[in-house]
Amino acid sequence: MSARPPRGARTTAPRGVVVTLVAAVAVVLLALCTAPATGTTRTAPPWPAPTDLETRAEAAGLRNVWGEPLAEHVHTHLTVLDGATPVTVPGDVGHSARRHFAAELHTHDTSGILHVESPTQQTFTLGQFFDEWDVSLGAGHVGGLRGELTVWVDGHRYLGNPRSIELTNRRQVVLAVTTVGEVAHRPAPFDWPPQYR
């Protein structure tokens with residue numbers, strides 16, 4: 001028979017329980033602070049480039065800077081995997097030469113290269129790109145791909161919220177969604193074309 005504390009005595013939760021509760025609250029708060037934009041798609045790929053450039057840029061906190069002088073010009077490579085199958089990052093997300101539109105963050109082609117071309121020095125994030133692309137991104141999912149989300153940044157596992165990853169020059173980001181329990185395999189590093197080296 002175990003001893004009970006005296007009636008009216010104060011009891012405290014075991015330290016492990018407290019640490020677990022604090023960690024759970026922190027994860028929930030982080031997720032709420034970096035939630036995807038309202039209306040982003042949760043369908044399965046392929047995910048085309050949106051045609052409503054202004055609306056999607058605004059949802060991502062971006063604007064049209066076509067023709068403005070640049071204070072920042074960097075490139076990040078994004079790989080999205082459905083298991084081992086690559087998902088195409090479309091060209092012209094946030095960009096249209098015909099319409100003279102270029103948000104500070106955009107793509108030109110299907111290489112996965114994200115272009116940051118801004119008249120001001122500031123931090124742009126992967127979450128902004130996904131909001132602009134109109135594809136939801138969060139813990140355990142990319143769009144309609146659900147399961148375990150494994151993230152690598154420059155070849156190293158990333159355990160934070162993928163939406164907060166900063167887009168810096170020649171950074172490489174890999175998002176791999178696998179079924180629960182399946183081990184994700186990191187692809188070979190991206191071979192940057194000569195003009196980006």
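Which residues do ring pairs link into a cluster? I looked this up and found Trp47, Phe129, Phe130 and Trp133.

**Entry 1: ground rules.** I am working on a predicted model, where local features need pLDDT of at least 70, side-chain atom pairs count only at pLDDT 80 or more, and totals for chains, interfaces and linings use all residues. Residues are numbered from 1 along each chain as its sequence is written, and side-chain values use heavy atoms, with hydrogens and water left out.

**Entry 2: ring pairs.** I noted that rings of Phe, Tyr and Trp (its six-membered ring) pair if their centres lie within 6.5 Å; planes under 30 degrees apart count as stacked, over 60 as edge-to-face and the rest as tilted. The structure holds six aromatic pairs. For the label I used DSSP runs numbered from the N terminus: helices are H or I with at least four residues, strands are E with at least two.

I then checked Phe130 against Trp133. Their ring centres are 5.3 Å apart with the planes at 45°, so this pair is also tilted. Phe130 and Trp133 are three residues apart in α3, again about one turn of the helix.

Entry 3: Are Phe129 and Trp133 buried or exposed? I used this scale: buried means under 20% relative accessible area, exposed over 50%, partly exposed in between (1.4 Å probe, protein chains only). Phe129 has 0% relative accessibility and therefore counts as buried. Trp133 has 1%, so Trp133 counts as buried too. Phe130 is also buried.

I went through the rest of the helix. Eight of the eight residues of α3 are buried, so the helix is largely enclosed by the rest of the structure. Among them are Leu126, Gly127, Gln128, Asp131 and Glu132. Just after α3, I found Asp134 with a positive phi of about 75°.

**Entry 4: a sheet.** I turned next to the strands. Strands of a sheet pair through backbone hydrogen bonds, either parallel or antiparallel. Here three strands form an open sheet in the order β7-β8-β9, and the pairing is antiparallel. The edge strands are β7 (137–138) and β9 (145–146), each pairing on one side only. Two strands count as paired if DSSP finds at least two bridges between them.

How many bridges join β7 to β8? I found two, with β8 covering residues 141–142. For Gly138, the bridge partner in β8 is His141.
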